[in-house]
Every structure is written in C-alpha cells, then in structure tokens.
Amino acid sequence: MKMRDSSGRILVVSSKVVSTSSPLIVEALAVREGVLLVSATPWPKILIESDNQSVIEETRGGNQQWAINQIVRDTITLSRYIPFCGFIWTRREGNNLAHTLAQMTMELGTQIQSVNDIPPSLREIVVLDARRATTSSGEDLQDLVDTNEP
C-alpha cells in the first residue's frame, strides 16, 4: 500500500502479512490500513491508491461486495476523521511499488513500513510508478485533489 500527498509525493509505504488468499480482501485491508495510518498523522490531504478497481468503487459508494463490505464500511467511517481522504484507482502498471513491497513482505515474513523515507532499494520503482501513474480517467493526482476538495 502506498499513500501520496496532494502533490503526488509518496508519504507512506507499507505492507504486512495477512491470513487470507483473497486478493479482494487483501486490497480492502490494505486500504483500511492506509486510513488507520493517516489518522495518526498531521497530514490534511491524502490519496490512497489501489489497482483493485472493485475496492475503490466500493469506497466511493459503488458496487456492494459482501466479501469486503464490512472492511470498506470501517474504512469509510475512519476516513471521515481526515480533512481530505481520497481513494483513487491506479493502473497496475503504475503500482509496481505496492507489488514489490508485497513480494518483499512475503519473502521476509514480516511487515515493512516506511513513513517519509522510501528505502533506497525502492526509489527507482517510485520514479517509474510516478511516470506511469494515472487515475482511471487519466487525471494527474494534483488535478484530482483540486477538484475534490471539501
């Protein structure tokens, strides 16, 4: 999971081992974890990215999927305590950092978390993701925040 500020700068990367084999549930848990992490920071604007369109649609009040419904409801409730918390879908090609973190977590068998300091081994992936990252409608991240402010 990764979170960006309103200018697109990555603030947090995090990955941990969970006991489910469902990609849908894993992604919903990652988004909720992102909201929990942000709720303990002073950041007023945050964008939580996912390449799982179903999870993002449900956080926006779309498709109801019973397997993740309670997780998403928790996420939405928690996000109300953050001045601006956006959920955006990003193409898989722009989400290599999250997938690399997940692979590292599985190999190490432990949680990886970094706030405001991307590990050197991941910096090249961050640059590539930034070049490839677009939202579902092709907007850049700053435009998304500017048009969705409360």
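Hi everyone, let's start with the surface: the accessible surface of this chain comes to about 8000 Å², and 51% of that belongs to carbon and sulfur atoms. Those areas come from the Shrake-Rupley method with a 1.4 Å probe, and for residues only the protein chains shown count as cover.

A word on where this comes from. It is a predicted model, where local features need pLDDT of at least 70 and side-chain atom pairs count only at pLDDT 80 or more, while totals for chains, interfaces and linings use all residues. Residues are numbered from 1 along each chain as its sequence is written, and side-chain values use heavy atoms, leaving out hydrogens and water.

Now the layout. We have six helices and five strands, taken as DSSP runs numbered from the N terminus (helices are H or I, at least four residues; strands are E, at least two). Along the sequence, the pattern reads β-β-α-β-α-α-β-α-β-α-α. Of the 150 residues, 44% are buried, meaning under 20% relative accessible area, with exposed being over 50% and partly exposed in between (1.4 Å probe, protein chains only). Take contacts, heavy atoms within 4.5 Å: among those between residues at least 6 apart in sequence, 78% join residues at least 24 apart.

Why is E4 largely enclosed by the rest of the structure? Because six of its six residues are buried. In a regular strand the side chains alternate between the two faces of the sheet. Here, Phe 84, Gly 86 and Ile 88 are buried on one side, and Cys 85, Phe 87 and Trp 89 are buried on the other. Its partner E3, residues 45-50, runs parallel to E4 and is joined to it by six bridges; for strands to pair, DSSP must find at least two bridges between them. Lys 45 stands opposite Phe 84.

Next, Ser 79, in helix H3 (residues 69-79). Ser 79 has 11% relative accessibility, so it counts as buried. Leaving aside residues up to four places away in sequence, Ser 79 touches Val 35, Cys 85 and Phe 87.

Cys 85 and Phe 87 come up again in the largest nonpolar core, which has 21 residues; they are among those with the most contacts inside it, along with Met 3, Ile 46 and Ile 48. By nonpolar core I mean a set of buried Ala, Val, Leu, Ile, Met, Phe, Trp, Tyr and Cys residues joined through side-chain atoms within 4.5 Å. Helix H1 gives the most to this core, with six residues. Apart from it lies another core of six residues, including Val 13 and Leu 101.

Thanks, all!
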